[in-house]
Amino acid sequence: MLALILGDAEMNNLVIVAALRPLAGCTPRDFTAPEEALAFAEAHACEIGVVITDYEMPGMDGIAFIQALRRIPELATVPVVMVTSFDQRSLRRAALEAGATDFLAKPADPVEIRARVSNLLALSTAHRVQREHAAQLAREVATAVAMVEEREREIVSTLMRAAEHRDADTGDHIVRVSAYVGLIAEALGQSAAECRQLSLAATMHDVGKIAVPDSILLKPGALTPEERREMELHAERGQRILGGSASSVMRLAAEIAVSHHERWDGAGYPHRLRGEAIPLSGRIVAVADVFDALTTERPYKEAWTPERARAHMAENAGAHFDPRVVEAFLSRWDQIEAFLTIGRQHRHVPHAA
(Lines give C-alpha, C1' and ligand atoms only; values in the text may rest on other atoms or scores of the structure.)
Protein backbone atom coordinates (compact mmCIF):
# COMPACT_ATOMS: atom_id res chain seq x y z
CA MET A 1 0.00 0.00 0.00
CA LEU A 2 1.33 3.44 -0.94
CA ALA A 3 2.04 6.26 1.50
CA LEU A 4 2.02 9.58 -0.39
CA ILE A 5 4.24 12.24 1.21
CA LEU A 6 4.15 15.91 0.21
CA GLY A 7 6.41 18.65 1.54
CA ASP A 8 8.48 21.39 -0.06
CA ALA A 9 11.56 20.55 2.10
CA GLU A 10 13.27 17.43 0.73
CA MET A 11 15.09 16.78 4.00
CA ASN A 12 11.83 16.58 5.96
CA ASN A 13 10.43 14.23 3.33
CA LEU A 14 13.48 11.98 3.63
CA VAL A 15 12.99 11.74 7.40
CA ILE A 16 9.39 10.58 6.92
CA VAL A 17 10.34 8.16 4.13
CA ALA A 18 13.09 6.63 6.29
CA ALA A 19 10.65 6.27 9.20
CA LEU A 20 8.14 4.41 7.05
CA ARG A 21 10.43 2.02 5.19
CA PRO A 22 10.45 -0.57 8.02
CA LEU A 23 6.62 -0.84 7.87
CA ALA A 24 5.64 -4.08 6.15
CA GLY A 25 3.42 -3.55 3.12
CA CYS A 26 4.02 0.22 3.03
CA THR A 27 5.75 1.87 0.07
CA PRO A 28 6.46 5.59 0.61
CA ARG A 29 6.46 8.00 -2.35
CA ASP A 30 7.44 11.62 -1.73
CA PHE A 31 6.86 14.83 -3.70
CA THR A 32 7.84 18.47 -3.30
CA ALA A 33 5.27 19.91 -5.76
CA PRO A 34 1.54 19.67 -4.91
CA GLU A 35 0.54 19.46 -8.59
CA GLU A 36 2.79 16.44 -9.14
CA ALA A 37 1.50 14.81 -5.97
CA LEU A 38 -2.11 15.29 -7.09
CA ALA A 39 -1.42 13.84 -10.54
CA PHE A 40 0.22 10.81 -8.93
CA ALA A 41 -2.64 10.45 -6.46
CA GLU A 42 -5.24 10.47 -9.23
CA ALA A 43 -3.31 7.89 -11.27
CA HIS A 44 -2.75 5.56 -8.27
CA ALA A 45 -5.82 6.35 -6.15
CA CYS A 46 -6.72 2.71 -5.54
CA GLU A 47 -3.23 1.94 -4.21
CA ILE A 48 -2.86 4.84 -1.74
CA GLY A 49 -3.48 3.95 1.91
CA VAL A 50 -2.37 7.16 3.65
CA VAL A 51 -1.36 10.70 2.72
CA ILE A 52 1.05 12.90 4.70
CA THR A 53 1.22 16.55 3.72
CA ASP A 54 2.98 19.64 4.98
CA TYR A 55 0.97 22.80 5.60
CA GLU A 56 3.48 25.49 4.65
CA MET A 57 4.18 25.22 0.93
CA PRO A 58 4.53 27.86 -1.79
CA GLY A 59 1.52 28.15 -4.08
CA MET A 60 -0.90 25.52 -2.82
CA ASP A 61 -0.83 25.09 0.96
CA GLY A 62 -1.70 21.87 2.79
CA ILE A 63 -5.38 22.72 3.28
CA ALA A 64 -5.91 23.47 -0.43
CA PHE A 65 -4.07 20.23 -1.25
CA ILE A 66 -6.35 18.19 1.01
CA GLN A 67 -9.43 19.81 -0.55
CA ALA A 68 -8.19 18.91 -4.04
CA LEU A 69 -7.31 15.40 -2.88
CA ARG A 70 -10.80 14.82 -1.46
CA ARG A 71 -12.33 15.62 -4.86
CA ILE A 72 -10.79 12.40 -6.19
CA PRO A 73 -13.64 9.90 -5.49
CA GLU A 74 -11.39 6.98 -4.53
CA LEU A 75 -9.55 9.16 -1.99
CA ALA A 76 -12.62 10.67 -0.33
CA THR A 77 -12.01 8.64 2.84
CA VAL A 78 -8.27 7.85 2.75
CA PRO A 79 -6.53 8.95 6.01
CA VAL A 80 -4.68 12.27 5.63
CA VAL A 81 -2.07 13.52 8.12
CA MET A 82 -1.00 17.17 8.19
CA VAL A 83 2.52 18.05 9.36
CA THR A 84 2.90 21.57 10.72
CA SER A 85 4.95 23.58 13.18
CA PHE A 86 1.98 25.79 14.00
CA ASP A 87 -0.06 25.01 17.11
CA GLN A 88 -3.04 27.12 16.16
CA ARG A 89 -6.59 26.03 16.92
CA SER A 90 -7.99 27.85 13.85
CA LEU A 91 -5.51 26.12 11.54
CA ARG A 92 -6.35 22.69 12.90
CA ARG A 93 -10.06 23.42 12.60
CA ALA A 94 -9.63 24.49 8.97
CA ALA A 95 -7.60 21.37 8.24
CA LEU A 96 -10.22 19.11 9.81
CA GLU A 97 -12.96 20.82 7.80
CA ALA A 98 -10.93 20.26 4.64
CA GLY A 99 -10.70 16.54 5.45
CA ALA A 100 -7.57 16.02 7.56
CA THR A 101 -7.60 12.91 9.74
CA ASP A 102 -4.66 13.52 12.06
CA PHE A 103 -1.71 15.86 12.75
CA LEU A 104 2.06 15.56 13.24
CA ALA A 105 4.18 18.31 14.73
CA LYS A 106 7.58 19.42 13.41
CA PRO A 107 10.21 18.24 13.88
CA ALA A 108 8.77 14.82 13.02
CA ASP A 109 9.61 11.96 15.41
CA PRO A 110 10.28 8.73 13.43
CA VAL A 111 8.76 6.52 16.13
CA GLU A 112 5.62 8.63 16.31
CA ILE A 113 5.39 8.70 12.51
CA ARG A 114 5.56 4.88 12.27
CA ALA A 115 3.00 4.40 15.05
CA ARG A 116 0.47 6.86 13.62
CA VAL A 117 0.87 5.71 10.02
CA SER A 118 0.70 2.05 11.02
CA ASN A 119 -2.64 2.67 12.73
CA LEU A 120 -3.95 4.72 9.84
CA LEU A 121 -2.92 2.07 7.30
CA ALA A 122 -4.83 -0.51 9.31
CA LEU A 123 -7.85 1.81 9.25
CA SER A 124 -7.46 2.31 5.51
CA THR A 125 -7.23 -1.43 4.95
CA ALA A 126 -10.40 -1.97 6.98
CA HIS A 127 -12.23 0.67 4.94
CA ARG A 128 -11.04 -0.93 1.72
CA VAL A 129 -12.18 -4.39 2.80
CA GLN A 130 -15.54 -2.94 3.79
CA ARG A 131 -15.93 -1.21 0.41
CA GLU A 132 -15.01 -4.37 -1.47
CA HIS A 133 -17.46 -6.36 0.64
CA ALA A 134 -20.20 -3.79 -0.02
CA ALA A 135 -19.42 -3.86 -3.74
CA GLN A 136 -19.60 -7.66 -3.75
CA LEU A 137 -22.93 -7.59 -1.94
CA ALA A 138 -24.21 -5.02 -4.45
CA ARG A 139 -23.17 -7.29 -7.32
CA GLU A 140 -24.88 -10.27 -5.70
CA VAL A 141 -28.06 -8.27 -5.11
CA ALA A 142 -28.01 -7.02 -8.71
CA THR A 143 -27.61 -10.59 -9.97
CA ALA A 144 -30.47 -11.80 -7.77
CA VAL A 145 -32.72 -8.93 -8.88
CA ALA A 146 -31.89 -9.65 -12.54
CA MET A 147 -32.84 -13.31 -12.04
CA VAL A 148 -36.14 -12.35 -10.42
CA GLU A 149 -36.89 -9.86 -13.19
CA GLU A 150 -36.07 -12.46 -15.84
CA ARG A 151 -38.42 -14.97 -14.20
CA GLU A 152 -41.14 -12.34 -14.02
CA ARG A 153 -40.65 -11.56 -17.71
CA GLU A 154 -40.99 -15.28 -18.49
CA ILE A 155 -44.23 -15.46 -16.47
CA VAL A 156 -45.61 -12.38 -18.20
CA SER A 157 -44.56 -13.68 -21.62
CA THR A 158 -46.32 -16.98 -20.99
CA LEU A 159 -49.47 -15.23 -19.81
CA MET A 160 -49.48 -12.90 -22.80
CA ARG A 161 -48.97 -15.76 -25.27
CA ALA A 162 -52.16 -17.25 -23.87
CA ALA A 163 -53.96 -13.95 -24.49
CA GLU A 164 -52.59 -13.73 -28.03
CA HIS A 165 -54.28 -17.03 -28.93
CA ARG A 166 -57.52 -15.06 -28.95
CA ASP A 167 -56.17 -12.74 -31.64
CA ALA A 168 -52.62 -12.60 -33.01
CA ASP A 169 -52.71 -8.80 -33.33
CA THR A 170 -53.01 -8.39 -29.56
CA GLY A 171 -49.23 -8.81 -29.35
CA ASP A 172 -48.55 -5.73 -31.49
CA HIS A 173 -50.91 -3.66 -29.33
CA ILE A 174 -49.12 -4.80 -26.19
CA VAL A 175 -45.69 -3.90 -27.60
CA ARG A 176 -46.76 -0.38 -28.51
CA VAL A 177 -48.67 0.33 -25.30
CA SER A 178 -45.70 -0.91 -23.25
CA ALA A 179 -43.37 1.39 -25.22
CA TYR A 180 -45.67 4.41 -24.81
CA VAL A 181 -46.02 3.73 -21.10
CA GLY A 182 -42.25 3.66 -20.64
CA LEU A 183 -41.85 7.00 -22.42
CA ILE A 184 -44.64 8.64 -20.40
CA ALA A 185 -43.24 7.35 -17.11
CA GLU A 186 -39.79 8.64 -18.05
CA ALA A 187 -41.22 12.07 -18.90
CA LEU A 188 -42.94 12.11 -15.50
CA GLY A 189 -39.56 11.70 -13.83
CA GLN A 190 -39.79 8.08 -12.74
CA SER A 191 -36.55 6.14 -12.32
CA ALA A 192 -35.26 3.73 -14.96
CA ALA A 193 -36.23 0.78 -12.74
CA GLU A 194 -39.74 2.17 -12.23
CA CYS A 195 -40.14 2.73 -15.98
CA ARG A 196 -39.09 -0.86 -16.73
CA GLN A 197 -41.45 -2.28 -14.13
CA LEU A 198 -44.39 -0.17 -15.29
CA SER A 199 -43.77 -1.07 -18.95
CA LEU A 200 -43.69 -4.75 -18.08
CA ALA A 201 -46.80 -4.60 -15.89
CA ALA A 202 -48.65 -2.64 -18.59
CA THR A 203 -48.40 -5.57 -21.00
CA MET A 204 -51.03 -7.34 -18.86
CA HIS A 205 -53.57 -4.51 -18.77
CA ASP A 206 -56.15 -6.42 -20.82
CA VAL A 207 -55.50 -9.95 -19.57
CA GLY A 208 -59.09 -10.07 -18.28
CA LYS A 209 -60.30 -10.21 -21.90
CA ILE A 210 -59.35 -13.90 -21.85
CA ALA A 211 -62.82 -14.43 -20.34
CA VAL A 212 -64.67 -12.34 -22.96
CA PRO A 213 -66.46 -14.46 -25.61
CA ASP A 214 -65.11 -14.21 -29.17
CA SER A 215 -68.56 -13.15 -30.36
CA ILE A 216 -68.07 -9.95 -28.36
CA LEU A 217 -64.31 -9.52 -28.47
CA LEU A 218 -64.09 -9.81 -32.27
CA LYS A 219 -67.52 -8.45 -33.20
CA PRO A 220 -67.29 -6.38 -36.43
CA GLY A 221 -69.55 -3.61 -35.26
CA ALA A 222 -70.85 -1.69 -32.26
CA LEU A 223 -71.59 -3.61 -29.07
CA THR A 224 -75.06 -3.82 -27.57
CA PRO A 225 -75.51 -2.49 -24.01
CA GLU A 226 -75.46 -6.06 -22.70
CA GLU A 227 -72.33 -6.89 -24.67
CA ARG A 228 -70.64 -3.71 -23.45
CA ARG A 229 -71.39 -4.62 -19.83
CA GLU A 230 -69.84 -8.03 -20.44
CA MET A 231 -66.80 -6.39 -22.06
CA GLU A 232 -66.35 -3.99 -19.15
CA LEU A 233 -66.08 -6.90 -16.72
CA HIS A 234 -62.58 -7.57 -18.10
CA ALA A 235 -61.12 -4.88 -15.82
CA GLU A 236 -62.15 -6.60 -12.59
CA ARG A 237 -61.48 -10.05 -14.04
CA GLY A 238 -57.94 -8.96 -14.85
CA GLN A 239 -57.48 -7.79 -11.28
CA ARG A 240 -58.66 -11.16 -9.97
CA ILE A 241 -56.36 -13.05 -12.33
CA LEU A 242 -53.29 -11.02 -11.35
CA GLY A 243 -54.09 -10.17 -7.73
CA GLY A 244 -52.79 -11.89 -4.62
CA SER A 245 -49.26 -12.38 -5.96
CA ALA A 246 -46.14 -11.67 -3.89
CA SER A 247 -44.55 -10.24 -7.05
CA SER A 248 -44.44 -6.45 -7.16
CA VAL A 249 -44.86 -6.56 -10.95
CA MET A 250 -47.99 -8.69 -10.67
CA ARG A 251 -49.44 -6.43 -7.99
CA LEU A 252 -48.78 -3.42 -10.21
CA ALA A 253 -50.31 -5.24 -13.18
CA ALA A 254 -53.45 -5.98 -11.13
CA GLU A 255 -53.70 -2.30 -10.21
CA ILE A 256 -53.40 -1.34 -13.87
CA ALA A 257 -55.90 -3.96 -15.04
CA VAL A 258 -58.65 -2.64 -12.80
CA SER A 259 -57.94 1.08 -13.18
CA HIS A 260 -56.90 1.78 -16.79
CA HIS A 261 -60.51 2.40 -17.90
CA GLU A 262 -61.25 4.89 -15.13
CA ARG A 263 -61.58 8.51 -16.29
CA TRP A 264 -60.19 11.69 -14.77
CA ASP A 265 -63.71 13.13 -14.62
CA GLY A 266 -65.13 10.07 -12.82
CA ALA A 267 -67.14 8.73 -15.78
CA GLY A 268 -65.03 5.60 -16.30
CA TYR A 269 -65.36 2.04 -15.03
CA PRO A 270 -65.47 -0.18 -13.02
CA HIS A 271 -65.45 2.00 -9.87
CA ARG A 272 -65.97 5.51 -11.31
CA LEU A 273 -62.87 6.81 -9.60
CA ARG A 274 -62.05 10.47 -10.16
CA GLY A 275 -58.80 12.45 -10.48
CA GLU A 276 -55.88 11.35 -8.34
CA ALA A 277 -58.00 8.67 -6.69
CA ILE A 278 -57.11 6.72 -9.82
CA PRO A 279 -53.67 5.09 -9.41
CA LEU A 280 -51.00 6.86 -11.45
CA SER A 281 -50.21 3.58 -13.20
CA GLY A 282 -53.80 3.37 -14.46
CA ARG A 283 -53.77 7.00 -15.59
CA ILE A 284 -50.57 6.42 -17.58
CA VAL A 285 -51.82 3.23 -19.23
CA ALA A 286 -55.16 4.89 -20.04
CA VAL A 287 -53.39 7.45 -22.22
CA ALA A 288 -51.18 4.87 -23.93
CA ASP A 289 -54.03 2.39 -24.45
CA VAL A 290 -56.52 4.87 -25.91
CA PHE A 291 -53.96 6.47 -28.20
CA ASP A 292 -53.00 3.09 -29.63
CA ALA A 293 -56.66 2.11 -30.02
CA LEU A 294 -57.35 5.32 -31.92
CA THR A 295 -54.42 4.95 -34.30
CA THR A 296 -55.09 1.25 -34.99
CA GLU A 297 -57.70 -0.26 -37.28
CA ARG A 298 -60.43 -2.02 -35.31
CA PRO A 299 -63.24 -4.34 -36.43
CA TYR A 300 -65.65 -1.44 -35.97
CA LYS A 301 -63.56 1.54 -37.24
CA GLU A 302 -60.73 2.78 -39.42
CA ALA A 303 -57.43 3.87 -37.89
CA TRP A 304 -57.15 7.56 -37.07
CA THR A 305 -54.18 9.57 -38.29
CA PRO A 306 -51.56 10.27 -35.60
CA GLU A 307 -52.34 13.99 -35.81
CA ARG A 308 -56.07 13.45 -35.24
CA ALA A 309 -55.38 11.10 -32.33
CA ARG A 310 -52.91 13.55 -30.82
CA ALA A 311 -55.49 16.34 -31.00
CA HIS A 312 -58.07 14.07 -29.33
CA MET A 313 -55.70 13.32 -26.44
CA ALA A 314 -55.01 17.03 -25.92
CA GLU A 315 -58.72 17.94 -26.12
CA ASN A 316 -59.65 15.31 -23.53
CA ALA A 317 -56.96 16.23 -21.00
CA GLY A 318 -58.83 17.09 -17.82
CA ALA A 319 -61.89 15.08 -18.87
CA HIS A 320 -60.94 11.54 -19.88
CA PHE A 321 -57.24 11.83 -19.06
CA ASP A 322 -54.98 13.21 -16.35
CA PRO A 323 -53.68 16.51 -17.83
CA ARG A 324 -50.20 15.95 -16.44
CA VAL A 325 -49.97 12.51 -18.06
CA VAL A 326 -51.15 13.89 -21.41
CA GLU A 327 -48.53 16.63 -21.16
CA ALA A 328 -45.85 14.01 -20.50
CA PHE A 329 -47.14 11.93 -23.43
CA LEU A 330 -47.02 14.87 -25.84
CA SER A 331 -43.53 15.85 -24.65
CA ARG A 332 -42.26 12.54 -26.09
CA TRP A 333 -44.09 12.91 -29.39
CA ASP A 334 -41.03 12.43 -31.63
CA GLN A 335 -40.24 9.11 -29.96
CA ILE A 336 -43.88 8.02 -29.95
CA GLU A 337 -44.15 8.58 -33.70
CA ALA A 338 -41.36 6.03 -34.15
CA PHE A 339 -43.63 3.32 -32.76
CA LEU A 340 -46.58 4.15 -34.98
CA THR A 341 -45.22 2.03 -37.83
CA ILE A 342 -44.90 -1.13 -35.69
CA GLY A 343 -47.36 -3.80 -36.76
CA ARG A 344 -49.65 -1.51 -38.71
CA GLN A 345 -50.87 -4.21 -41.12
CA HIS A 346 -53.84 -5.58 -39.14
CA ARG A 347 -56.55 -7.96 -40.12
CA HIS A 348 -58.70 -7.82 -37.00
CA VAL A 349 -58.00 -6.28 -33.60
CA PRO A 350 -60.19 -6.96 -30.50
CA HIS A 351 -62.57 -4.34 -29.18
CA ALA A 352 -60.74 -1.77 -27.05
CA ALA A 353 -63.56 -1.15 -24.60
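These legends cover close-up views of one predicted model. Residues are numbered from 1 along each chain as its sequence is written. Local features need pLDDT of at least 70 and side-chain atom pairs count only at pLDDT 80 or more, while totals for chains, interfaces and linings use all residues; side-chain values use heavy atoms, with hydrogens and water left out.

**View 1. Strand S4 is largely enclosed by the rest of the structure.** Five of the five residues of S4 (residues 80–84) are buried. Buried means under 20% relative accessible area, with a 1.4 Å probe and protein chains only. Val80, Met82 and Thr84 point one way from S4. Val81 and Val83 point the other way. Strands are DSSP runs of E with at least two residues, helices are runs of H or I with at least four, and both are numbered from the N terminus.

**View 2. S4 pairs with S3 and with S5.** Strands pair if DSSP finds at least two bridges between them. S3 (residues 48–54) and S4 run parallel, with four bridges. Here Thr53 stands opposite Met82. S5 (residues 102–105) is also parallel to S4, again over four bridges. Leu104 in S5 is the bridge partner of Val83. The two are 21 residues apart in sequence, yet 4.6 Å apart in space, C-alpha to C-alpha. Leu104 counts as buried, at 4% relative accessibility.

**View 3. S3, helix H3 and S4 form a right-handed β-α-β unit.** H3 spans residues 62–70. Right-handed means that, with the strands pointing away from the viewer, the path from the first strand over the helix to the second runs clockwise.

**View 4. Helix H4 has buried and exposed residues on opposite sides.** In H4 (residues 89–98), Leu91, Ala95 and Ala98 are buried. They lie on the same side of H4, because their arc around the axis is only 60 degrees. The arc is that of the directions from the helix axis to the C-beta atoms. On the other side, Arg89 and Glu97 are exposed, meaning over 50% relative accessible area.

View 5. A pocket is an open set of points on a 1 Å grid over the protein atoms alone, where a 1.4 Å probe fits, with protein on both sides within 12 Å along at least five of seven lines. Lining residues have an atom within 4 Å of a point. H5 gives the most, with five. Among the lining residues are Glu149, Arg153, Arg196 and Val249.
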